[in-house]
Amino acid sequence: MSEEITVLVVDDEERIRRLLKMYLEREGYVVEEAENGVQALEMATEKDYHCILLDLMMPEKDGIEVSTELREQKMTPIIMLTAKGEEANRVQGFESGADDYIVKPFSPREVVLRVKAILRRSSAYSPVTNSSVSKDLVVFPHLTIDHDAHRVTADNVEVNLTPKEYELLYFLAKSPDKVFDREHLLKEVWHYDFFGDLRTVDTHVKRLREKLNRVSESAAKMIVTVWGVGYKFEVGNE
């Protein structure tokens with residue numbers, strides 16, 4: 001591995017931090033810890049981490065506040081750690097910019113798999129060094145995706161997306177007019193081979209549409225809900 005992969009583990013329970021640190025270090029990751037939201041935000045602002053495991057309920061600043069404030073500056077992948085009784089907060093977590101969530105009590109091996117999936121799919125931290133003139137572009141009348149640069153523009157205005165929002169858009173845009181159900185999207189975009197929360201998809205689609213709509217209503221309308229089935233990327237639907 002040419003570059004060390006750094007993960008920030010944020011939880012006010014030392015036992016959980018140490019458990020996650022042990023399992024992640026076994027995979028060769030460099031792990032740093034924060035015990036509260038204020039410390040986590042300070043560390044994540046000063047340093048570029050490849051992934052952040054962020055507890056939802058913490059003293060001083062909770063995970064939602066940390067995620068919201070960090071998203072104003074960075075697109076670092078965030079996996080939120082939540083307790084079972086915090087369903088409404090999990091939705092808030094997604095809306096604040098989290099890319100995934102894991103429910104406590106969790107299996108440390110599952111956490112490792114989720115981290116691996118986010119790192120595998122997020123090439124924002126693996127810049128393309130090939131100077132070939134060919135570029136991986138997906139171009140539509142109101143939307144352009146430069147996959148080499150992980151850059152999205154709608155009506156010539158750049159749209160800032162989280163890693164998961166970008167992956168979802170890119171996956172749909174690669175197969176225009178093809179309908180994907182939520183289970184398929186969970187498997188392909190989130191790499192869940194087990195049953196996941198289908199609202200994960202709905203929340204990300206909602207956020208993605210909102211961000212596109214801020215700069216181009218036409219681009220936002222390209223993400224179409226197929227009622228009772230799932231979603232598709234539709235070209236020429238204005």
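Reader: What makes strands β7 and β8 a pair?
Author: Two strands pair if DSSP finds at least two bridges between them. β7 (residues 143–146) and β8 (residues 151–154) have four bridges, in the antiparallel sense. So they meet the definition of a pair. Leu143 stands opposite Ala154 in β8.

Reader: What kind of model is this?
Author: The model is predicted: local features need pLDDT of at least 70, side-chain atom pairs count only at pLDDT 80 or more, and totals for chains, interfaces and linings use all residues. Residues are numbered from 1 along each chain as its sequence is written, and side-chain values use heavy atoms, with hydrogens and water left out.

Reader: How do you know that β8 and β9 pair?
Author: Three bridges join them, and they run antiparallel. The pairing definition asks for at least two, so they pair. Ala154 stands opposite Val157 in β9. The hairpin of β8 and β9 has two residues between the strands, and Asp155 takes a positive phi near 50°.

Reader: Why is Arg26 called exposed?
Author: Exposed means over 50% relative accessible area, buried under 20%, and partly exposed in between (1.4 Å probe, protein chains only). Arg26 has 57%, so the residue counts as exposed. Arg26 belongs to helix α1 (residues 14–26). Helices (H or I, at least four residues) and strands (E, at least two) are DSSP runs, numbered from the N terminus.

Reader: Which residues of α2 are buried?
Author: In α2 (residues 37–46), Gly37, Ala40, Leu41, Met43 and Ala44 are buried.

Reader: How do you know on which side of α2 they lie?
Author: The arc is that of the directions from the helix axis to the C-beta atoms. Theirs is only 170°, so they lie on the same side of α2. An α-helix has 3.6 residues a turn, so residues three or four places apart point the same way. The buried residues of α2 pack against β1 (6–10), β2 (30–34), β3 (51–55) and α3 (63–71). Contact here means heavy atoms within 4.5 Å.

Reader: What makes a space a pocket?
Author: On a 1 Å grid over the protein atoms alone, a 1.4 Å probe must fit, and the set of points must be open, with protein on both sides within 12 Å along at least five of seven lines. Lining residues have an atom within 4 Å of a point. The largest pocket holds about 320 Å³ of space. Of its 15 lining residues, the closest to the centre are Glu95, Asn160, Arg207, Lys211 and Arg214.

Reader: Which helix gives the most to the lining of the largest pocket?
Author: α8 does, with six residues.

Technical notes:
Grid points are joined across faces, edges and corners, and a volume is the space filled by probe spheres set on the points.
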